[in-house]
Amino acid sequence: MSTASTCLCIKTEKKPHLRFSPACREKRGGEEKIMSDKLKVGVLGGTGMVGQRFVSLLENHPWFEVKTIAASPRSAGKTYEEAVGCRWKMTTPMPEAAKNIIVKNVNEVEAVAAEVDLLFSAVDMTKNEIRAIEEAYAKTETPVVSNNSAHRWTPDVPMVIPEVNPDHIAIIEAQKKRLGTTRGFIAVKPNCSIQSYTPALNALMEYGPKTVVATTYQAISGAGKTFADWPEMVGNIIPYIGGEEEKSEQEPLKIWGHIAGDHIEKAVKPLITTQCIRVPVADGHTAAVFVTFEKKPTKEEMIAAWRAFKGVPQELQLPSAPEHFLQYLEEPDRPQVLLDRDFEHGMGVSIGRLREDTLFDYKFVCLSHNTIRGAAGGGIELAELLTAKGYIAKKA
């Protein structure tokens, strides 16, 4: 029996998650101009689930065009379509423009970097290997926007949710000085699960969140899996995700921290404790949140703050930025994964069930799409922010 006949392929539908305007516009100083040439983009680890999501979301992007895909040596030399084979895990078809790209060896740093202006990293390696290879790429004078966790705690690497802490990209100047580069650097997006509840808390910062308890119910795609290759998760719950609780408790504090010289100093509050549970859901991370404030707001004030919240991406009208970053749903049984994870093409956050609590001030539920907002989509929006702010441009 041939290999092809034994593959379990995923049925696809022609419905992309993000739609971009055909016109490609660049914001500078309040003015708008048409970008004449797209930036050439590479995806490191392009055959994995997050790499596939990058390739999928970058189809028809107005600023970026995928020119290079790199992966492990066993995939090198094959077309992208051949390298992925029946492991395409998106629900939308593989972009036609990507199918015939010849996959490069991710370890051949100079050869890969020579062809692109910007790299998205989703490599599957050990943390030490990721730290080394991402720095090697940055030292070729190529900006690297990473989905990986390896550099999240490197002191001069910004870890950014563009609507929440865009000011942290200023630390890049200190990083470039350390690396000895003029345009090469690394920027990272945070853990996927914290992006369900950190934005909701950020919109309430004026009230001083003091103590937070969050339990996350995380989709299997967060582990790079589908039900076809993880059938043990059907009808199952696993109350443990290695390393996830530490990330969930500490990463928001770096996001809410501040630049202090050549490093980012994390915030000391709120105090956060979490539990992270894997649930039988394909996509979409849900969080049940309990919070106590220094200055307790009313429910009306909280809902108004969520609905009014906008960030720099909305002000700049970045291509991937949701028009409404946060939505509050009044129905008592919302947000729901199947109904709400694709809010704003997967780039928005849904909030519901706000109630006063007997031990804390309030409790509520949040939901975000973990592989779009929480992974590749968030990385693309970060790259758009860096481009709009002048940190990424075409190589000379």
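Which residues in α2 are buried? To find out, select helix α2, residues 49-57. In α2, the buried residues are Met 49, Gly 51, Gln 52, Arg 53, Phe 54, Val 55, Ser 56 and Leu 57. Here, buried means under 20% relative accessible area, exposed means over 50%, and partly exposed lies in between, with a 1.4 Å probe and protein chains only. Helices (H or I, at least four residues) and strands (E, at least two) are DSSP runs, numbered from the N terminus.

Before moving on, a word about the model. It is a predicted model, in which local features need pLDDT of at least 70 and side-chain atom pairs count only at pLDDT 80 or more, while totals for chains, interfaces and linings use all residues. Residues are numbered from 1 along each chain as its sequence is written, and side-chain values use heavy atoms, with hydrogens and water left out.

**Stop 1: around α2**

Because 8 of the 9 residues of α2 are buried, this helix is largely enclosed by the rest of the structure. Show its neighbours next: the buried residues of α2 pack against β3 (39-44), β4 (64-71), α3 (80-84), α4 (96-99), β6 (118-121) and α13. Contact here means heavy atoms within 4.5 Å. Now pick out Phe 54, Trp 63, Phe 64 and Phe 120, which form one aromatic cluster.

**Stop 2: helix α13**

Select residues 372-388, which make up helix α13. All of this helix is covered: 17 of its 17 residues are buried. A straight helix of 17 residues would span 24 Å, yet α13 spans only 21 Å between its end C-alpha atoms. The expected span is 1.5 Å times one less than the number of residues. Look at Gly 378, where α13 bends by about 50°; the bend is the angle between axes fitted to the seven residues ending there and the seven starting there. Just after α13, Gly 390 takes a positive phi of about 90°.

A salt bridge is a side-chain nitrogen of Lys or Arg within 4 Å of a carboxyl oxygen of Asp or Glu. Glu 163 is in the loop between β7 (144-146) and α7 (172-179), so you are looking at a link between parts 210 residues apart. Both partners, Arg 373 and Glu 163, are buried.

**Stop 3: rings on β16**

Select Phe 293 and Tyr 362 next. Their ring centres are 6.5 Å apart and their planes at 65°, so the pair is edge-to-face. Rings of Phe, Tyr and Trp (its six-membered ring) pair if their centres lie within 6.5 Å; planes under 30 degrees apart count as stacked, over 60 as edge-to-face and the rest as tilted. Phe 293 lies in strand β13 (residues 285-293) and Tyr 362 in strand β16 (residues 362-368), so the pair ties together parts 69 residues apart in sequence.

Trp 306 is in helix α10 (residues 299-308) and Phe 364 in strand β16.

**Stop 4: Lys 296**

Finish at Lys 296, whose charged end sits over the ring of Tyr 362, 5.3 Å from its centre. That label applies if NZ of Lys or CZ of Arg is within 6 Å of the ring centre and within 35 degrees of the ring normal. Lys 296 also forms a salt bridge with Glu 356, the closest N and O atoms being 2.6 Å apart. With a relative accessible area of 41%, Lys 296 is partly exposed.
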